[in-house]
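Please look at the structure shown below and consider how its parts meet.

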Amino acid sequence: MKQDFIKFPLHLIFHPIDAFWDLKSDNRGRLLVAYATLALTIVMMILQKQYAGFLVNYIDPRTINSIIEIATVAVPFFLWCTANWAVTTLMEGEGKFREIVLATGYSLIPIILIYAPMIVISRFMVQEETAFYYLFNSIAFFWFVLLLFIGMMTVHQYTVIRTIITMVLTLIVMGIIVFLGALVFSMLQQLYEFGYNIYRELIFRT
Amino acid sequence: MARTVKRWLVLLAAVSLLLVNAVPAAASPAPYESYNYNYWKEAVPSPDAYLPERTISGRDLGISEFKDPGDVNVSPSGSIYILDSGNGRIVVLDPGFKLLRVIDGFMMEGIKETFNLPGGLFVDEEERIYVADTGNSRVVVLDGEGTLIQTITKPESDILSTQFQFQPLKLTVDHVGRVYVVAQGVYEGIMQFDESGKFIGYVGTNKVERDYGEYIWRMLSTKAQRAQMVLFVPTEFSNADIDHKGFVYATNIDPGSNEPIKRLNPSGEDVLKRFGYYDVKGDIRFRNNPGPSKLIDVKVLGNGMYSVLDATQNRVFTYDDEGHLLYIYGGKGNQVGTLKTPVAIEQSGEHHLVLDRGKNNLVVYEPTRFGARVNEAVALHYRGEDTEAVNIWREVLKLNANYDIAYIGIGKSLLMEKKNEEALGYFELGMDRKSYSVAFKRHRREMMKEHFGTFLTAAIALIVILILTRVAVKWRRRRQVDREAGFH
């Protein structure tokens, strides 16, 4: 229990190349952990907007909306997983969808680990020290990107160049999915409007 | 007992209802809606700072109506000089808005000369009247009675081209008699003349805003195409005023500029403080239609404050010396207090005067309780008397709880009194991160000094406990191992 849920994730972020391989080959990854990291990342984002110190918090408190926060993290997460799966299936990637979700989820761990203390520390910072806050936040972000990169590379058994290409393609496919989604949504809405208008006509005529 | 209480409660409720209805919510006597910008750059309603008191037209003064009046100036002694351009005359009023005299010309070399569409005037401490006589390409200097002292005509200088047309529009004069002239078609800056009327040079040039898209386009074009393109020339100044230290405040009407107001030091550099949340440029948010503010006049009010007149929405914006927007009043319209074509703003005592060319009258605004209190507090703050300012800021907050500058003002005063923790709250309300940081630094140091001993004791105790538990655990484990081995 402790081994799977605490020790392995912590081991993973410091030794990603070995650990992602273990995650794939020895079946060490747990989907529960991946979803928990996703949930905790969302919580961290919300906490940061709400409780980060005044000197670093430029968020208008009236615009904080937890539903939107959830959407801005969870939607790209699943979009990434879907798009990546779609791209890598065509590009001879060896990763299964489950492994993609695992790798993406586990990559988010540094964000949680760095954001949590930084939110607390930022409340005790003065202006000159806020540089550290931004520094650590960027470290968290780059760490996440690096882990995601290594994760993708290991899970799909790609070369470096191929990983970069697939990741860029994934981003493009994400855009395409959003576009198609919007298209379908607007068409559905128009269909509904059309049906509703016919219904209204009928009601008025009778 | 319960019954009496109940009865009293009902009575109280009824009375409170009556009282609520007695005061209508929107009782503002102003024909415009006053507002100010908050930290998030939203226009939020604000109490009126100035209300129109009366208007003065030519008929009110018992003379013929004004015709296209161009400028107004109040002399240090308080007389109000209105430049009635269309009629080519200067109307002089006393501080109580009673007509003193009308100057409609002057004697020069025995011939009576008149003004031809003069654009601006200025009156100095010795009641000398400087008139930018635009149509006659000269600046006329008269004494208080209207007798000619000198004229400044087209300057002779190596740096001026021979085709140069000298058409002075607006002018201002410093206390040693140097004349600063804003002239038509002069992009090099404000023309500066010495007290004898000799051209010294230019001060303060507006920078050309570089448009990179246009720049690339220009590189790709042929010479013939380039010749037909618009030239990138700096914008002209629209008006100038001078403060008691001799700094020239100037406005330009460049629509894209974020620095349309300049405070020029004697060597012509812009030294305006811009410490507010947003640019010092009038309206910062506008629907696409009216566009950015077109600032056509500036008036230095004293105590570091200055007002600018916007010709897009016909409003007056007042700033303090640090570039905080204090209040906005005025607007478009035909009522008393709204403006049709404003051309100049002046200050007479506590009153603000705005000259309206469209309606040919002078609008007199008087400060409300809110406006007067703000002015008072800003003045005290400017003089460094922050402790006295606090009470006034508190009163301002009662009139407008959204007034960020008041929160910052109180915070700064608390900071001076070393009440750092209380100051923190005020700075947070005023969204002043810089001052908040200063206050927090001091507060943190104090807390550390106070609690360092406790902290250290706790830390040492914690370490000792940790070591002890570790030892205990180890000892226990060894014991267990020993037992399993059969030593006990």
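The paragraphs that follow describe a predicted model, beginning with a helix pair and ending with an interface.

Within chain A, consider helix α3, which covers residues 31-51, and helix α5, which covers residues 97-107. The axes of these helices come within 8 Å and cross at roughly 45 degrees. The crossing in which α3(A) passes α5(A) is left-handed.

Which residues bring these helices into contact? On the side of α3(A) they are A:L31, A:V33, A:A34, A:Y35 and A:T37. Their partners in α5(A) are A:R98, A:V101, A:L102, A:G105 and A:Y106.

The view now turns to the interface between chains. Here 15 residues of chain A are in contact with 15 residues of chain B. The size of an interface is often given as the accessible area lost when the parts come together. For chain A and chain B, about 1200 Å² is buried between them, with 57% of it on carbon and sulfur atoms. On the chain A side, A:F54, A:Y58 and A:V126 supply 47% of the area buried against chain B, more than any other three residues.

Charged side chains also link the two chains: three salt bridges are counted between chain A and chain B. One salt bridge joins B:E42 to A:R62, and the closest N and O atoms of this pair are 3.0 Å apart.

Notes
Residues numbered from 1 in each chain as written. Chains lettered and ligands numbered in written order. Predicted model: local features only at pLDDT ≥ 70, side-chain atom pairs only at ≥ 80, totals over all residues. Heavy atoms only, no water. Axes fitted to C-alpha atoms, helices over the stretch in contact; angles between N-to-C directions. Helix = DSSP H or I, 4+ residues; strand = E, 2+ residues; numbered from the N terminus. Left-handed = near helix turned anticlockwise from the far one by under 90°. Contact = heavy atoms within 4.5 Å. Buried area = accessible area lost by both parts, 1.4 Å probe. Salt bridge = Lys/Arg side-chain N within 4 Å of Asp/Glu carboxyl O.
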